[in-house]
Amino acid sequence: MHVAAADVRSARDELTELDRRVGDGDHGVNLDRGMQAVAARLDDPSLPRRETVGQVLHLAATTLMSTVGGAAGPLYGTALLRASKVTDRTVLGPSGVVALVEAALEGIVARGKASPGEKTMVDAWQPAAEATERAAATGSGTDEDAVDVLRAAAEAASAGAEATVPLVASKGRASYLGERSAGTEDPGARSTAILLAAAVGAAKGPGA
Ligand code: ADP
Ligand code: MG
């Protein structure tokens, strides 16, 4: 969460610029506010210590829901809430990463009702979930393989986000632009790729 907060801070202006072109220009600022709040709550000594992945994700979910606003707050909040329910462990192996990403995707689809190809964050999460399943099926199943599964998710999310550029949006604020939404990467798909890449960096550990 701390790496993700730092990376969202670095990408804030880029995300805001994407959302300025196809939305209302608040995505970078909103997600930055939310991730800074998540990091601050994790560091707050007056709050109970989060021991499991699920507990951290639950805190992140409720914090993002109450601080991000717009479409992305409830979408990311629901994603992480669902993910928190399948990650009640201190260490996630490959199958735990698959469960996390699949649950997040299910939460986003349950909340936003978007299908792949509608130029939303689903276009990053859907290929990410498929990539984790493939990566987990080929690995040996040890906890170390979890980083490879996470990396597969991040790479698929990034490719999925880039593939939203030519798409015409049919969900969310960008859909108001109709054909004019084509030519810009979806901001939520880009932020998804940033968050998953941050997870890879954190999972590898310092110096790796
Ligand atoms: P808002 O559009 O309310 O200003 P944000 O700017 O925070 O919200 O987030 C916009 C992003 O939310 C979009 O780029 C898209 O990825 C995502 N989004 C919007 N609507 C949906 C939906 N129905 N399903 C999935 N993702 C969506
Ligand atoms: Mg917006």
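These legends accompany close-up views of a predicted model.

**View 1. Helix α3, residues 53–67, end to end.** Helix α3 holds 15 residues. At 1.5 Å a residue, α3 should span 21 Å. After α3 comes Gly69. The phi of Gly69 is positive, near 70°.

**View 2. Buried residues of α3 and what covers them.** Gly54, Leu57, Leu59 and Ala60 are among the buried residues of α3. Ala61, Thr63, Leu64 and Thr67 are buried too. The cover over these buried residues includes three helices: α2 (27–43), α4 (72–84) and α5 (94–112).

**View 3. Thr52, in the loop between α2 and α3.** Thr52 has a relative accessible area of 11%. That value is under 20%, so Thr52 counts as buried. A polar atom of the Thr52 side chain lies 3.0 Å from the backbone nitrogen of Gln55. Leaving aside residues up to four places away in sequence, Thr52 touches Thr87, Asp88, Arg89 and Thr90.

**View 4. The largest pocket and its lining.** This pocket has a volume of about 1,100 Å³. Its lining comprises 37 residues. Nearest the centre of the largest pocket lie Met1, Val53, Val56, Ala199 and Ala202. Helices α1 (2–22), α2, α3, α4, α5, α7 (145–162) and α8 (187–204) each supply at least two lining residues. Helix α8 gives the largest share, six residues. By class, the lining of the largest pocket divides into 29 nonpolar, two polar and six charged residues.

**View 5. The second largest pocket and its lining.** About 590 Å³ of space lies in this pocket. The second largest pocket is lined by 30 residues. Closest to its centre are Ala71, Ala72, Leu75, Gly172 and Arg173. Two or more lining residues come from each of α1, α2, α4, α5 and α8. The lining of the second largest pocket has 13 nonpolar, nine polar and eight charged residues.

Terms used. Residues numbered from 1 in each chain as written. Chains lettered and ligands numbered in written order. Predicted model: local features only at pLDDT ≥ 70, side-chain atom pairs only at ≥ 80, totals over all residues. Heavy atoms only, no water. Helix = DSSP H or I, 4+ residues; strand = E, 2+ residues; numbered from the N terminus. Expected span 1.5 Å × (residues − 1). Buried < 20%, exposed > 50% of the residue type's maximum accessible area, 1.4 Å probe, protein only. Contact = heavy atoms within 4.5 Å. Polar contact = N/O pair within 3.5 Å; in protein donor to acceptor, adjacent residues only side chain to side chain. 1 Å grid on protein atoms, 1.4 Å probe; cavity = no way out; pocket = protein on both sides within 12 Å on 5 of 7 lines; lining within 4 Å. Points joined across faces, edges and corners; volume = space filled by probe spheres on them. Nonpolar A, V, L, I, M, F, W, Y, C, P; charged D, E, K, R; others polar.
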